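Trainee: I'd like to learn how to read salt bridges in a model. Could you take me through some?

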Amino acid sequence: MLYPLRFQPVFRQYIWGGRRLGEVLNKPIGDGDDFAESWEVVDHGEDQSVVAHGPLAGKTLHEVAAEHAQELFGQHAPQKQFPLLFKLLDCNRNLSVQVHPNDEQGARLDPPDLGKTEAWVILDARPGSQVYAGLKSGIDAATLKRETDAGRVEHCLHSFQPAAGDCIFIPAGTVHALGEGLLVAEIQQASDTTFRLFDWNRVGADGQSRPLHVNQSLAVIDYERGPVSPQATDVVRTTDSAKTERLVECDKFVLERTTFSGPITIGGDDRFHIVCLLSGEVAVANDPSGEALSKGQTVLLPATSKPTLTPSAGEAVLLDAYLP
């Protein structure tokens, strides 16, 4: 049987990154002040999570998904690729204003790709940090095109100051950007297709602007989406020592947050679970690493597993993402 899988993080360095992936989430980043993303669970072409411990150490997630499909996916087997991508982001500067296609639009790309519906959980927000999510009420395609041509895209965007713990749901077609000062956990479809509408008129170290994809962006935006606010959450399970909130439930994934002070079990429902610890320290039964799961670390629980997670002391908080 497959066991709880931990992977080597895949780092991405971009103009908007910083150092907090290492300083706050204890990621083994190298030198440099532009570490933007830690891809914790990914199976997307050459971008691959590699198993870090146990008999499958050195295997890519794509290889595990192909060779152990039933054990990994359960009721969702088989899959052409692992369908979700989980990452952590350090937004030291504003990200570009962007939009992602849906599955139908992504299938028409060359090469074809999945669409990209995603959700963010704010782990930390410096004072004044902004989330840009959706268009302001009354902004239609013609208005956005006019403001884009004039370099005034930000005037069309709905924005707000988020708080740590907020969850923001971004279906494909939603214009969005994470703002400076945010530390974020993100679950998304396993796609890397991004159309950049606006990049705050900045240039890179080479003095050049990053490429924009204005026409592609305008073609896939959902103009009926309107302003986006943090999700209203529902408590779906509770005991004396644990509370689970449903943050997002859509056709691409379910995202929950569990706060617990005693042992809990995750799984047993014939589907995989991506678990990321947000605070505390937790022992995961049958984990061959022999190490406690600590803040910012992620483990993939196969469909055939139902491990007990035990906090070492005090309270722990985790995110749990899975297929509906």
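Predicted model: local features only at pLDDT ≥ 70, side-chain atom pairs only at ≥ 80, totals over all residues.

Trainee: What do aspartate 149 and lysine 145 form, and how far apart are the closest N and O atoms?

Mentor: They form a salt bridge, and those closest atoms are 2.7 Å apart. The cut-off to hold on to is a side-chain nitrogen of Lys or Arg within 4 Å of a carboxyl oxygen of Asp or Glu.

Trainee: Is aspartate 149 buried or exposed?

Mentor: Aspartate 149 counts as exposed because its relative accessibility is 54%, and exposed means over 50%.

Trainee: Which side chains meet in a salt bridge at 3.7 Å, N to O?

Mentor: Those of aspartate 251 and lysine 252. Aspartate 251 is exposed, at 60% relative accessibility, while lysine 252 is partly exposed, with a relative accessible area of 21%.

Trainee: And what about glutamate 104: which residue does it form a salt bridge with?

Mentor: Arginine 108, with 3.5 Å between the closest N and O atoms. Both glutamate 104 and arginine 108 are exposed.

Trainee: Which residues are linked in a network of salt bridges?

Mentor: Look at Arg237, Arg246, Glu249 and Glu256: salt bridges link them into a network.

Trainee: How many salt bridges does a search of the whole structure find?

Mentor: That search turns up 21 salt bridges.

Note on methods
Residues numbered from 1 in each chain as written. Heavy atoms only, no water. Buried < 20%, exposed > 50% of the residue type's maximum accessible area, 1.4 Å probe, protein only.
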